[in-house]
Amino acid sequence: MDKPYVVGIDVGGTNTVVGIVDKRGQILKGGSIKTAKHVNVENYLDELTELINDLISETTTKDQIKGIGAGTPNGNYFTGSIEFAPNLPWKGVIPFAQMLEDRTGIPVALTNDANAAAIGEMTYGAARGMKDFIVITLGTGVGSGIVVNGQLVYGHDGFAGELGHVIMRRNNGRLCGCGRTGCLEAYASATGVARTAREYLEIRPDAKTLLRNIPVEDITSKDVAEAANAGDELAKEIFHYTGSMLGEAFADFVAFSSPEAIILFGGLSKAGDLIMDPIHESMERNLLPIFRNKVKLLFSELKESDAAVLGASALGWEVR
């Protein structure tokens with residue numbers, strides 16, 4: 001008999017969110033625990049297992065759960081391990097999937113959070129029916145999930161698809177959180193937009209802008225978007241700069257996998273046309289002629305508050 005439910009888990013640096021999901025992508029019951037309070041992974045997994053068991057008992061029975069899918073920072077699909085995740089309290093290599101499976105008795109599959117978003121779009125969202133697409137997550141960092149011929153690209157070691165760390169500026173590039181300089185993430189993430197805003201305010205002291213009403217160190221990408229939506233010219237320029245760089249990068253991404261679509265996911269995508277228009281213009285301008293006007297640029301169709309859990313849950317259907 002087909003089992004009608006899966007469990008999706010989104011492991012974040014601050015919180016872990018869990019949901020019981022059906023085949024239509026509906027979250028029937030959800031809950032969360034604090035990730036950051038657990039310095040010991042064993043204690044964390046004990047609390048996570050308790051939450052999973054409670055949600056199952058409130059919704060269905062364990063024999064109706066096909067599998068558990070987890071999206072985690074630095075999650076390796078091949079090994080089921082979280083490996084050297086900088087924003088989690090547990091260091092080194094954590095055999096997360098096996099440890100959780102031992103506790104719950106349910107098969108567990110794991111991948112990194114951006115790959116989970118790609119699987120979610122393919123299963124429930126904007127990429128349904130597509131075999132070749134790229135999901136770009138625009139949040140605190142820039143992540144990516146690459147799907148070719150219906151298969152997620154993992155590479156030989158499970159870590160393929162770090163498109164946020166392609167180098168966009170070889171000379172005098174910004175320092176990235178990964179330790180290198182000039183990465184796309186240092187410019188096109190939410191934190192990158194805030195950095196651009198601070199640079200613009202410094203090099204253009206005479207520019208009149210709503211952003212000067214905010215202490216410079218407190219400026220966020222949301223502040224820049226609100227100013228741009230209010231007609232602020234400097235804020236619009238910041239989004240044009242950011243979108244243009246993303247478009248350059250996307251033109252290169254298209255050259256190696258020829259996707260049907262590139263799908264934008266995450267907080268920065270809420271900027272809508274402010275970010276999409278310059279991306280589209282820049283991408284088309286930089287594409288090889290054979291690819292022009294062939295690649296769709298789309299926003300995620302997954303509900304923002306549920307997206308990470310849905311993406312992770314999609315892995316649960318694949319476990320054996």
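Is Thr137 buried or exposed? At 13% relative accessibility, Thr137 counts as buried, where buried means under 20% relative accessible area, exposed over 50%, and partly exposed in between (1.4 Å probe, protein chains only).

## Basis of the description

This is a predicted model, in which local features need pLDDT of at least 70 and side-chain atom pairs count only at pLDDT 80 or more, while totals for chains, interfaces and linings use all residues. Residues are numbered from 1 along each chain as its sequence is written, and side-chain values use heavy atoms, with hydrogens and water left out.

## Thr137 and its surroundings

Thr137 lies in strand 9 (residues 133–138); strands (E, at least two residues) and helices (H or I, at least four) are DSSP runs, numbered from the N terminus. Not counting residues up to four places away in sequence, Thr137 touches Ala114, Ala117, Val142, Gly143, Ser144 and Phe265, contact meaning heavy atoms within 4.5 Å. Thr137 and Ser300 are 163 residues apart in sequence, and their C-alpha atoms are 9.6 Å apart in space.

Asn76 belongs to strand 5 (residues 75–76) and, at 2% relative accessibility, counts as buried. Apart from neighbours within four places in sequence, Asn76 is in contact with Ser81, Glu83, Leu110, Asp157, Gly158 and Phe159. From Asn76 to Ser300 the separation is 224 residues in sequence and 24 Å in space, C-alpha to C-alpha. Ser81, in strand 6 (residues 81–83), is buried at 7% relative accessibility. Its contacts, leaving aside neighbours within four places in sequence, are Asn74, Gly75, Asn76, Val93, Ile94, Pro95, Phe96 and Leu110.

Thr104 is part of helix 2 (residues 96–104). With 3% relative accessibility, Thr104 is classed as buried. Beyond residues up to four places away in sequence, Thr104 touches Thr49, Ile52, Lys62 and Ile68.

## Exposed loop positions

Pro86 sits in the loop between strand 6 and strand 7 (93–94) and counts as exposed at 68% relative accessibility. Leaving aside neighbours within four places in sequence, Pro86 is in contact with Asn74 and Lys91. Pro86 and Asp10 are 76 residues apart in sequence and 16 Å apart in space, C-alpha to C-alpha.

Most residues other than glycine have a negative phi. Asn149, although not a glycine, has a positive phi of about 55°. Asn149 is placed in the loop between strand 10 (142–148) and strand 11 (151–152), and its relative accessibility of 55% makes it exposed. Asn293, also not a glycine, has a positive phi of about 60°. The loop between helix 8 (273–286) and strand 13 (296–299) holds Asn293, which is exposed at 69% relative accessibility.

## Packing of helix 3 against helix 9

Helix 3 (residues 113–124) and helix 9 (residues 307–316) pack at an angle of about 80°, with their axes 7 Å apart. Helix 3 is therefore roughly perpendicular to helix 9. Axes are lines fitted to C-alpha atoms, for helices over the stretch in contact, and angles run from 0 to 180 degrees between N-to-C directions. Angles under 35 degrees count as roughly parallel, over 145 as roughly antiparallel, 65 to 115 as roughly perpendicular and the rest as oblique.

On the helix 3 side, Ala116, Ile119, Gly120, Thr123 and Tyr124 meet Leu310, Gly311, Ala312, Ser313, Ala314 and Leu315 in helix 9. By class, this contact has seven nonpolar, four polar and no charged residues. Ala, Val, Leu, Ile, Met, Phe, Trp, Tyr, Cys and Pro count as nonpolar, Asp, Glu, Lys and Arg as charged, and the others, Gly among them, as polar.

In helix 6, the buried residues are Ser221, Asp223, Val224, Ala225, Ala227 and Ala228. Their cover includes helix 5 (190–203), helix 7 (233–257) and helix 8. Helix 6 is followed by Gly231, whose phi is positive, near 95°.

Helix 6 (residues 221–229) also supplies the largest share of the lining of the second largest pocket, five residues. The lining consists of Ala190, Ser221, Lys222, Ala225, Glu226, Asn229, Phe239, Gly267, Leu268, Lys270 and Ala271, and divides into five nonpolar, three polar and three charged residues. On a 1 Å grid over the protein atoms alone, a pocket is an open set of points where a 1.4 Å probe fits, with protein on both sides within 12 Å along at least five of seven lines, and lining residues have an atom within 4 Å of a point.
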